[in-house]
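Subject: Structure for you to look at

Hello,

Here is the structure I promised. Please open it first, then read my notes below.

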Amino acid sequence: MKTKWNKPSRRTFMASATAAVAAPAILRSTRAYAQSPTIRVGHVSPQTGPLASFAEADGYVLEAINQAFAGGIENNGQSWNIEIINKDSQSNPNRAAEVAADLILGDEVDIIVAASTPDTVNPVSDQAEINYVPCITTDCPWQPYFFGRNGVPGEGFESTYHFFWGLEDVIGAFLDMWGPTGVGKTVAGLFPNDADGNAWGDAENGLPKPLAEAGYELVDPGRYQPLSDDFSTQISAFKAAGCEILTGNMIPPDFATFWAQAAQQGFNPKIATIGKAILFPSVVEALGARGDGLSSEVWWSPDHPFSSSLDGQTARELADGFTSATGRPWTQPIGFKYALFEVVADVVKRAEDLEDPEAIIAAIAATNVDTMVGTVDWSNGPINNVTKTPLVAGQWQIEDGNLDLKIVANSAAPEIPITGEMKLLG
């Protein structure tokens, strides 16, 4: 049941902090504000579990954001403090829903944000939508976000908004990377039985149709269960079909298992382009020499020509700051996690009435701000409640003993510079 808050009341809350509540009771609360009022922002990400690589930079980014917000944000001539309340989804959709409900009911957040795959983004968004709480999310292709939540084109959602790229963009980036290599066009497809895998492998909205239109044959043995320990069936099918390209969308431990078994069983594609699993240097480094030459989509990098709307620092400066502070290589989610709070700051500045959820939602919908990942503008999107950011393709390459993600294809976003040349595996 969806219950809308009547102005000028502040917030709706769930009567139970459980993940699956068909008809939550709605409580009304009025928070007394001191002279320096506070906006509470709930943040949910997979800080533990198999998707924890997505949240590797959370601590650094949240510290940087808290420093940027330390002086408050001005709205209608008054300074507002921003309090960020951080929760771990544990890489589990049920847990994500539970902590989102707790943020809404227990912490009385004014805005909720989430990132990192539909396993976290979708249940958090659903809880926000049920309770008419302003919600901003990222780090999830828009199709599993929108259709995975049973979104209806032309109608969309009331209080939940998302920015990222779509499957059409990742397919375009992959084809942009594969085409010039001249390899065979039989493609091995690995798609798990989860929200991402079902979206990527979907016959209508996923990879099969556009790959076929581009002259590629996709060999799809069917959905496998996440955290599988045996990919022999899939490997046999790929070898029998003579696949020279491997693609799919996998969590890091699944790809590590598959890639080791592929080597043992003699499946050696010339290109391996995997979404999600090999976005992170820590995962690729763990693969040793077998990580050299793996390729994926590139959402964000130090070479992206964007800068912060908060303090003007560049993508390169943000990435170098993370490495300097942690001793670890930069990771792609840094830029999007940072941009998530850039959008929050922009919304807080512009909302007509920060005590009214409806006014905050209206400010989100009217967003048009240049961020660390590009422009976020919900008046310009592929479908309701969604706006897109640019996407290119890259390859992990070892040079002088160092692992680096080179941007090797950028036709859809030529403003993002090429930094390397695609090479074949083996």
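**What I found**

Asparagine 385 sits in the loop between β15 (374-377) and β16. Helices (H or I, at least four residues) and strands (E, at least two) are DSSP runs, numbered from the N terminus. Asparagine 385 is not a glycine, yet its phi is positive, about 70°. Its relative accessible area is 8%, so asparagine 385 is buried. Buried means under 20% relative accessible area, exposed means over 50%, and partly exposed is in between (1.4 Å probe, protein chains only).

A note on the source: this is a predicted model, where local features need pLDDT of at least 70, side-chain atom pairs count only at pLDDT 80 or more, and totals for chains, interfaces and linings use all residues. Residues are numbered from 1 along each chain as its sequence is written, and side-chain values use heavy atoms, with hydrogens and water left out.

Serine 116 also has a positive phi, near 90°, in a residue other than glycine. Find it in the loop between β6 and α3. Serine 116 is buried, with a relative accessible area of 0%.

Now the sheet. Seven strands make an open, mixed sheet in the order β4-β5-β3-β6-β7-β8-β16. Strands pair if DSSP finds at least two bridges between them. The edge strands are β4 (73-75) and β16 (386-387), and each pairs on one side only. Strands β8 (residues 160-163) and β16 run parallel, joined by two bridges. Histidine 162 has valine 386 in β16 as its bridge partner.

Helix α2 packs on this sheet and touches β3 (38-45), β5 (78-88) and β6 (111-115). Touching here is contact: heavy atoms within 4.5 Å. The direction of α2 makes about 150° with that of β5. Axes are lines fitted to C-alpha atoms, for helices over the stretch in contact, and angles run from 0 to 180 degrees between N-to-C directions.

Buried residues of α2 include Ala96, Val99 and Leu103.

Last, glutamine 234. Its place is in helix α8 (residues 232-241). Glutamine 234 is buried, with a relative accessible area of 10%. Leaving aside neighbours within four places in sequence, glutamine 234 is in contact with Leu190, Pro221 and Tyr224.

Best wishes
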